[in-house]
Amino acid sequence: MSTRLTVPTARPYEVVIGHGLHADLVASIDDSAQRVAIVHPPTLRHRAEQLRVALADAGREVHLVEVPDGEQAKSAAVLEFCWRVLGESGFTRSDVVVGLGGGSTTDLAGFVAASWLRGVRFVNAPTTVLGMVDAAVGGKTGINTGQGKNLVGAFHEPVAVVCDLDALATLPAAEVRSGLAEIVKCGFIADPSILELVEAAPTAALDAGSAVLETLIAKGITVKARTVAGDLHESGGDGSGGIGREALNYGHTLGHAIERHTGYEVRHGEAISVGMVFVAELARRSGLIDDSLVEVHREMLELVGLPTRYRAEAWDDLLPAMRLDKKSRGSTIRFVVLDALASPRILAAPDEDLLRDSYRAVSA
Ligand SMILES: NC(=O)c1ccc[n+]([C@@H]2O[C@H](COP(=O)([O-])OP(=O)(O)OC[C@H]3O[C@@H](n4cnc5c(N)ncnc54)[C@H](O)[C@@H]3O)[C@@H](O)[C@H]2O)c1
Ligand SMILES: O=C(O)C(=O)C[C@@H](O)[C@H](O)[C@H](O)COP(=O)(O)O
Ligand SMILES: [Zn+2]
């Protein structure tokens with residue numbers, strides 16, 4: 001049994017979620033593609049090889065493009081390596097890139113597809129909770145630069161996303177937990193039933209084989225699909241009064257700065273977990289939410305073992321890094337905050353003392 005969700009953008013595509021979806025992944029690449037490039041990290045070599053064989057049996061010319069693990073893949077050097085493979089294999093506009101791996105791999109693979117010949121099709125086959133619930137859906141693709149996270153990229157939507165839950169069987173517990181941070185984020189910004197489910201069954205929420213996690217993944221993808229459909233290019237809402245896609249950046253302004261500060265040693269979900277408590281503290285100090293909603297943030301994230309604090313002495317490095325965030329406009333720094341549960345809004349140019357005080361409340 002699988003669940004099929006449609007991302008209703010101008011060029012709608014399906015996200016399939018379920019077990020044993022190998023055949024669905026093969027079928028997502030139609031006959032018009034002569035060549036397929038499977039971009040994958042070393043960890044997924046076996047799965048990539050299985051896909052290679054199946055696609056070759058279906059008559060495709062398949063190129064395995066093995067890239068470095070995790071965040072190391074999101075660099076200009078690796079992007080250039082991928083372009084070289086495509087160039088040498090004669091990859092044309094009718095051919096297809098597959099991103100097989102976690103969010104780092106699908107972010108890179110998507111940008112390879114966005115930039116090659118000014119845009120070729122790509123299919124995402126996410127293999128982490130975080131990749132399924134967030135990175136593989138919505139068409140944000142890109143790489144990091146020395147100055148920060150995701151600073152170079154493009155909006156380029158996949159033509160299909162296949163979330164085979166069987167892949168999660170080998171995923172380390174810490175990676176499942178990291179993915180749960182993005183799911184909890186969806187609970188805070190849009191769907192509080194997610195928070196209720198995590199609170200009722202925290203152990204099952206962390207169990208890669210549980211029905212609870214499967215439900216949470218589907219709920220998270222639903223929030224993501226709905227949000228990006230109204231504002232694909234993050235240009236500020238769909239006119240109905242909301243803040244549009246920027247809501248998905250809840251906790252990310254500080255989160256990305258922390259990731260960079262650790263040289264990407266900390267996981268994305270761990271960093272945005274601290275970032276969400278930070279913006280909750282900021283919203284409280286700005287008179288937008290009360291103490292109890294801030295405490296719900298801490299309790300919920302700590303319940304599933306996510307961090308809610310970061311190093312006190314890092315502030316002087318974190319503030320300038322946050323200024324380079326994509327939500328900044330000129331010298332105005334902007335944060336996604338809540339003014340109530342499931343009611344995100346933008347807080348622009350908060351006082352620097354307010355920011356420092358809010359950071360003190362999350363520093364270790
Ligand atoms: N484009 C977007 O909208 C979006 C959304 C959220 C996050 N992201 C990006 O996603 C990245 C984080 O993604 P992630 O958390 O999936 O991390 P990741 O891709 O770095 O993967 C984490 C680790 O898990 C391993 N792994 C992957 N699948 C596995 C499996 N099935 N079994 C065993 N090991 C496996 C990887 O090799 C890696 O070591 C960040 O770069 C973040 O910025 C992008
Ligand atoms: O899809 C979005 O929009 C998001 O902001 C989702 C985030 O979870 C994700 O980490 C995204 O990569 C952040 O994008 P960025 O624009 O802040 O680099
Ligand atoms: Zn994220």
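I started at strand β7 (residues 140-145) and found most of the strand covered, with 5 of its 6 residues buried. For my own bookkeeping, buried means that 20 or more other C-beta atoms lie within 10 Å of the residue's own, exposed means 12 or fewer, and partly exposed is in between, with C-beta atoms placed from the backbone. Strands are DSSP runs of E with at least two residues, helices are runs of H or I with at least four, and both are numbered from the N terminus.

A note on what I am looking at: this is a predicted model, in which local features need pLDDT of at least 70 and side-chain atom pairs count only at pLDDT 80 or more, while totals for chains, interfaces and linings use all residues. Residues are numbered from 1 along each chain as its sequence is written, and chains are lettered from A and ligands numbered from 1 in the order in which they are written.

**β7 and its partner**

I followed β7 to β8, and the two run antiparallel over 5 bridges. I call two strands paired if DSSP finds at least two bridges between them.

**β9**

Next I looked up β9, residues 160-164, where 5 of 5 residues are buried. Which residues cover the two faces of β9? Ala 160, Val 162 and Asp 164 lie on one side, Val 161 and Cys 163 on the other, and all are buried.

I then checked the neighbours of β9. Strand β2 (residues 13-18) pairs with β9 in the parallel sense through 5 bridges, and Val 16 faces Val 162 there. Strand β6 (residues 121-126) also runs parallel to β9, with 2 bridges between them; in that pair Asn 124 is opposite Val 161.

**The whole chain**

Stepping back, I counted 14 helices and 11 strands in the chain. Of its 364 residues, 51% are buried. The C-alpha atoms fill a box of roughly 60 × 40 × 40 Å along the principal axes. How does the radius of gyration of the chain stand against that of a compact globule with 364 residues? The chain has 20 Å, which agrees with the value near 21 Å that a compact globule would have. I take this radius over C-alpha atoms, and the globule rule is 2.2 Å times the number of residues to the power 0.38.

I also looked at contacts, which I count when C-beta atoms, placed from the backbone, lie within 7 Å. Among contacts with a separation of 6 or more, 72% join residues 24 or more positions apart.

**Two domains**

The domain assignment gives domain 1 (2-170) and domain 2 (173-360); such bounds come from an automatic or database assignment. Their centres, over C-alpha atoms, are 25 Å apart. Where they touch, 26 residues of domain 1 are in contact with 29 residues of domain 2. On the domain 1 side, β1 (2-7), β2, α5 (129-135) and β8 (148-155) each give two or more residues. My classes put Ala, Val, Leu, Ile, Met, Phe, Trp, Tyr, Cys and Pro as nonpolar, Asp, Glu, Lys and Arg as charged, and the others, Gly among them, as polar.

**The ligand shells**

For a shell I take residues whose C-beta atom, placed from the backbone, lies within 6 Å of the molecule. Ligand 1 has 28 residues around it, and the closest are Gly 70, Gly 102, Gly 103, Ser 104 and Thr 128. Two or more residues come from each of α4 (103-115), α5 and α6 (173-189). By class I get 6 nonpolar, 15 polar and 7 charged residues for the shell around ligand 1. Domain 1 and domain 2 each give at least three residues to this shell.

The residues around ligand 2 include Asp 134, Lys 140, Glu 234, Arg 245 and His 252. This shell divides into 1 nonpolar, 4 polar and 6 charged residues. Here, too, each domain supplies at least three residues.

**Two positive phi values**

Glu 234, one of the residues around ligand 2, has phi near 55°, positive in a residue other than glycine. I placed Glu 234 in the loop between α9 (211-230) and α10 (252-261). Why is Glu 234 partly exposed? Glu 234 counts as such because 19 other C-beta atoms lie within 10 Å.

Leu 117 also has phi near 55°, again positive without being glycine. Leu 117 lies in the loop between α4 and β6. Leu 117 is exposed, because 11 other C-beta atoms lie within 10 Å.

Note on methods. Two residues are in contact if their C-beta atoms, placed from the backbone, lie within 7 Å.
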